[in-house]
Amino acid sequence: MSDALNGAVRALDGVRILDFTHVQSGPTCTQLLAWFGADVIKVERPGVGDPTRGQLRDLPDVDSLYFTMLNHNKRSITLNTKSEKGKAVLERLVEHCDVLVENFAPGALDRMGFSWERIQEINPRMIYASVKGFGPGPYEDLKVYENVAQCTGGSASTTGFDDGPPMVTGSQIGDTGTGLNLALGIVTALYQRERSGRGQRVLAAMQDTVLNLCRVKLRDQQRLAHGPLKEYPQYPNGTFGEAVPRAGNASGGGQPGWIVKCKGWETDPNAYVYVITQAAIWGKLCKAIGKDEWIEDPDFATPEARLPKIEHIFDTIEAWTKTRTKFDVMAALNPLGIPCGPILSMKELAEEPSLRATGTVVEVDHPTRGKYLTVGNPIKMSDSPTEVLRSPLLGEHTDEILHELGFGDNEITAAREDGAI
């Protein structure tokens, strides 16, 4: 632990998490809890571990970035839950932990002999938290991955351009979004337990998460019944059907916005900037792009008058931005209070000094793969600092955890010989 954390009491110090999660949605949740100080014990299969340890490897015979970037600040124990000795260890873990988190296929823990009812018998204060693809209903037993969640939650049908197919996003809103929701549910359940004295089930479904993030589209679905959506690019010359259409890069709010080209766009795929023509700064924007006459022109002076001409307006803005780099555009428009943002590549974000300074991007040293970059805690707390620690090697803390649970050296040796750990 660094000097910055010596003596610091973090928000979740003393909370012990039994982590049965794998891949992305669950590990996102438990990593966030670990960053806030929880002791996260990651349970993995002996000799195998989380499948992402070996997926998308960029270096041979080491844990992949896929795994390391989702499992910081955790401890790893290997456990064969099919063996009797393994089940005995698991029962001891359930006794000693505050929260169990899992994202197995439906019914997996029940088949191990650890149903919710059994867990309550062992530890009535246990909070049992699950990520599933769907909530109760016709699809609840189906497996779900990130892009399936985006497609079934309303994101894909509303992403892309009107003349193209549905599209998934580059951000992991289904997996990571659900993990963040589950973490909030767990912390809330821990707070309620302080008053009730008992644990509870917590469920976060990926379809629910994606739909929640698409709430503005559900808003527009209802607005559509009362006339065309005038801020959408289909207005006034296109057509609207029965469902919310894809809107390209149009703003999801009431202020028109679009991505426009900047100097160098011919060779740089990210030489673009997003500009919003907010009503309050319309006059300043007109002056900035050399269209002073639009300020008083009745065809452009009001938001209502501008909407039918919005494509022409952004073409004119783009003619101006194409003579400047995206950062020049920012330098010109930001002081005027005009909302805009450059399209930043992953390379640019990785190299941005301010993100390193705030801990949003962190360099971590790993004993087998060396130094790598990862995202840090997106939530900054003044009294609960975060130090991003490397992910554990497979089974690195097995003996340490078993000793803490009261197992002696002979019992640990016997469990290992039995294949239980």
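Predicted model: local features only at pLDDT ≥ 70, side-chain atom pairs only at ≥ 80, totals over all residues.
Biologist: How many disulfides does the model contain, given a cut-off of 2.5 Å between cysteine sulfur atoms?

Modeller: A disulfide requires two cysteine sulfur atoms within 2.5 Å. Cys 97 is in no disulfide, since the cysteine sulfur nearest to it, that of Cys 29, is 14 Å away. The sulfur of Cys 151 has its closest cysteine sulfur in Cys 214, at 11 Å, which is too far for a bond. By this rule the number of disulfides is zero.

Biologist: Is Cys 97 buried or exposed, and what is the relative accessibility of Cys 151?

Modeller: Residues under 20% relative accessible area count as buried and those over 50% as exposed, with partly exposed in between. Cys 97 has a relative accessible area of 2%, and is therefore buried. Cys 151 counts as partly exposed because its relative accessibility is 49%.

Biologist: Where does Leu 56 lie, and which residues does Leu 56 touch beyond those up to four places away in sequence?

Modeller: Leu 56 is exposed, with a relative accessible area of 72%, and its place is in the loop that runs between strand 2 (39–44) and helix 2 (65–68). Leu 56 and Cys 340 are separated by 284 residues in sequence and by 35 Å in space, from C-alpha to C-alpha. Leaving aside residues up to four places away in sequence, the contacts of Leu 56 are Ser 64 and Tyr 66.

Biologist: How many residues of helix 1 are buried, and which residue just after helix 1 takes a positive phi?

Modeller: Helix 1 covers residues 25–35, and because 11 of its 11 residues are buried, the helix is largely enclosed by the rest of the structure. Among the buried residues are Cys 29, Leu 33 and Trp 35. Just after helix 1 comes a positive phi of about 110°, taken by Gly 37.

Biologist: What is the strand order of the open sheet of six strands, and which strands stand at its edges?

Modeller: The six strands pair in parallel, and their order is 3-2-1-4-5-6. Strand 3 (74–78) and strand 6 (201–205) each have a single partner strand, so one side of each is left without a neighbour in the sheet. From one strand to the next the twist averages 20°. The edge strands are therefore strand 3 and strand 6.

Biologist: How many bridges join strand 1 to strand 4, and which residue in strand 4 stands opposite Ile 17?

Modeller: Strand 1 (residues 16–20) and strand 4 (residues 99–102) run parallel and are joined by four bridges. In strand 4, the residue opposite Ile 17 is Val 99.

Biologist: Which strands does helix 3 touch, and at what angle does helix 8 run to strand 6?

Modeller: Helix 3 (residues 84–96) packs on the sheet, where it touches strand 1, strand 2 and strand 3, and its direction makes about 140° with that of strand 1. Helix 8 (residues 206–213) lies across strand 5 (127–132) and strand 6, and its angle to strand 6 is about 60°.

Biologist: Which residues have the most contacts inside the largest nonpolar core?

Modeller: This core has 34 residues, and the elements that give two or more residues to it include helix 1, strand 4 and helix 7 (175–196). Val 101 touches, among others, Ile 17, Leu 182 and Ile 186. A second, separate core of 28 residues includes Phe 20, Leu 93, Met 112 and Leu 405. The residues with the most contacts inside the largest core are Ile 17, Leu 33, Val 101, Leu 182 and Ile 186.

Biologist: What is the order of the open sheet of three strands, and which helix lies across strand 8 and strand 9?

Modeller: The pairing in this sheet is antiparallel, with the order 7-8-9, and strand 7 (257–261) and strand 9 (340–342) are the edge strands. Strand 8 (residues 272–276) pairs with strand 9 over three bridges, and Val 273 stands opposite Pro 342. Helix 12 (residues 310–321) lies across strand 7 and strand 8, at about 40° to strand 7. The element across strand 8 and strand 9, running at about 155° to strand 9, is helix 13 (residues 326–333).

Biologist: How many residues lie between strand 10 and strand 11 in their hairpin?

Modeller: Strand 10 and strand 11 (residues 370–375) pair in the antiparallel sense over six bridges. His 366 has as its bridge partner Gly 370, in strand 11. The number of residues between the two strands of the hairpin is three.

How values were computed. Residues numbered from 1 in each chain as written. Heavy atoms only, no water. Buried < 20%, exposed > 50% of the residue type's maximum accessible area, 1.4 Å probe, protein only. Contact = heavy atoms within 4.5 Å. Pairing = 2+ DSSP bridges. Axes fitted to C-alpha atoms, helices over the stretch in contact; angles between N-to-C directions. Core = buried A, V, L, I, M, F, W, Y, C linked by side-chain atoms within 4.5 Å.
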